[in-house]
Amino acid sequence: MLDRIADVLPSRVQRQVDQFREVFELAAELRDPRILRSLGPSGARGLLLQRGKQGVPTHFHSRHRAYFDWSYPADQPEMQDLYRRAKQGQWNGEHLPWHIDVDPLNPEVPLLPESFVDFAYLEEQGIRLDARERRQLLHSLATWMLSQFLHGEQGALMASAQVTEAVQFFDGKYYGATQVVDEARHVEVFHRYLDTKCDKLYQINDNLFVIIDALMEDSRWDMKFLGMQIMVEGLALGAFGTLYKMTGEPLLEALLRNVIQDEARHVHYGVIALREHITKELSESERREREAWAFHVSMLMRNRFMAYEVYDEWFDGILPRHKWRTFVQRAPGMEIFRRTMFSRLVPNLREIGLMSEEIQKSYARIGLMQYFGGRAAPELSGEELIADLDRAA
Ligand SMILES: [Fe+2]
Ligand SMILES: [Fe+2]
């Protein structure tokens with residue numbers, strides 16, 4: 001009904017109605033008052049005020065405590081081992097094959113294949129694109145995805161620095177410092193790729209902003225950890241993995257292969273730190289709060305990355321926004337993205353103790369329990385992750 005009313009409104013009004021609707025939908029999803037307290041203000045800043053789109057800089061207030069230990073304990077052998085591997089696994093972003101000439105409109109080496117979206121659906125809506133326009137639209141979508149990766153990496157850079165200060169394991173601090181360098185390198189290479197090969201940068205998506213805002217402003221280190229190391233890293237692995245599988249462009253493939261191996265370590269670190277903390281330190285009610293929070297963020301990541309920034313550029317006033325949503329939701333590439341993301345994320349949530357029988361019912365309702373038995377991050381090396389993706393390609 002709302003969709004039909006929206007169809008007849010001018011596009012500017014449609015967009016405002018849509019923005020309010022997103023906020024109401026988010027609020028309706030967040031029935032648990034503790035979750036609403038945690039995600040609500042971020043939702044208002046991201047969706048209503050669109051603070052990520054108001055120019056430079058954006059300030060966040062962080063209120064976490066820095067945890068010092070003057071006795072320098074060797075307290076976590078698994079983190080110590082990760083630290084050793086992280087030092088050995090460092091690579092220099094300058095050594096990627098930057099000499100490769102990327103022509104985003106060349107059909108021989110597409111950034112994304114035509115099968116990423118369903119052009120037939122657009123035709124049913126009366127929108128016919130010729131071969132060149134199709135490639136341009138795919139280029140816009142690929143650039144949009146890469147721009148969100150870049151913004152997410154900036155979030156990861158700040159969050160990993162905060163978490164290094166706040167974490168109570170000393171071996172975690174050593175390891176965390178390597179992650180800060182990793183994330184800086186990721187920002188460097190994605191930015192260089194967008195800047196020199198795509199000539200374009202999209203603004204941050206409002207829903208990604210909401211997640212980053214929530215974890216920057218939360219004072220509890222384990223919430224930052226859960227948000228960054230498990231949820232956003234899970235999202236990143238899903239998205240990087242999908243693009244790695246689907247792109248035909250060799251520089252991007254090499255870049256993603258390296259980044260994915262770093263990210264595998266980051267999720268591994270998140271799982272061992274949180275497993276220890278959630279199962280041994282938290283009360284049952286604190287555990288339940290984190291469990292519910294993770295479920296809501298999962299829904300946010302499943303339902304809300306709609307590339308409206310691309311819609312605004314291409315179809316504003318031509319195609320109703322809810323039809324664009326259907327187009328994005330149904331895109332075969334998005335299907336692969338959701339599968340890749342949740343097949344990694346769900347086993348990790350199980351591993352850290354956030355998958356009680358009670359919450360399993362909610363995951364079953366949205367069709368995600370099929371991933372419950374999968375391998376969690378500590379059982380999967382970066383090489384295995386890549387081999388998995390190569391096999392599925
Ligand atoms: Fe990263
Ligand atoms: Fe990361």
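Predicted model: local features only at pLDDT ≥ 70, side-chain atom pairs only at ≥ 80, totals over all residues.
Local features need pLDDT of at least 70 and side-chain atom pairs count only at pLDDT 80 or more, while totals for chains, interfaces and linings use all residues. Residues are numbered from 1 along each chain as its sequence is written, with chains lettered from A and ligands numbered from 1 in the order in which they are written.

**H6 and H9.** I took helices as DSSP runs (H or I, at least four residues), numbered from the N terminus. The axes of H6 (residues 131-166) and H9 (residues 221-246) come within 10 Å and cross at roughly 150°. Here axes are lines fitted to C-alpha atoms over the stretch in contact, with angles from 0 to 180 degrees between N-to-C directions. That makes H6 roughly antiparallel to H9 (over 145 degrees).

**H8.** I checked the length of H8 (residues 206-217) next: at 1.5 Å a residue its twelve residues should span 16 Å, and its end C-alpha atoms are 16 Å apart, which agrees. The expected span is 1.5 Å times one less than the number of residues. Eleven of the twelve residues of H8 are buried (20 or more other C-beta atoms within 10 Å of a residue's own, all placed from the backbone). They pack against H3 (33-48), H6, H9 and H11 (284-303).

**Met228.** I found this residue in H9. Met228 is buried, with 27 other C-beta atoms within 10 Å. Leaving aside neighbours within four places in sequence, Met228 is in contact with Ala156, Ala159, Val163, Leu215 and Glu233 (contact: C-beta atoms, placed from the backbone, within 7 Å).

Definitions and conventions. Helix = DSSP H or I, 4+ residues; strand = E, 2+ residues; numbered from the N terminus. Parallel < 35°, antiparallel > 145°, perpendicular 65-115°, else oblique. Contact = placed C-beta atoms within 7 Å.
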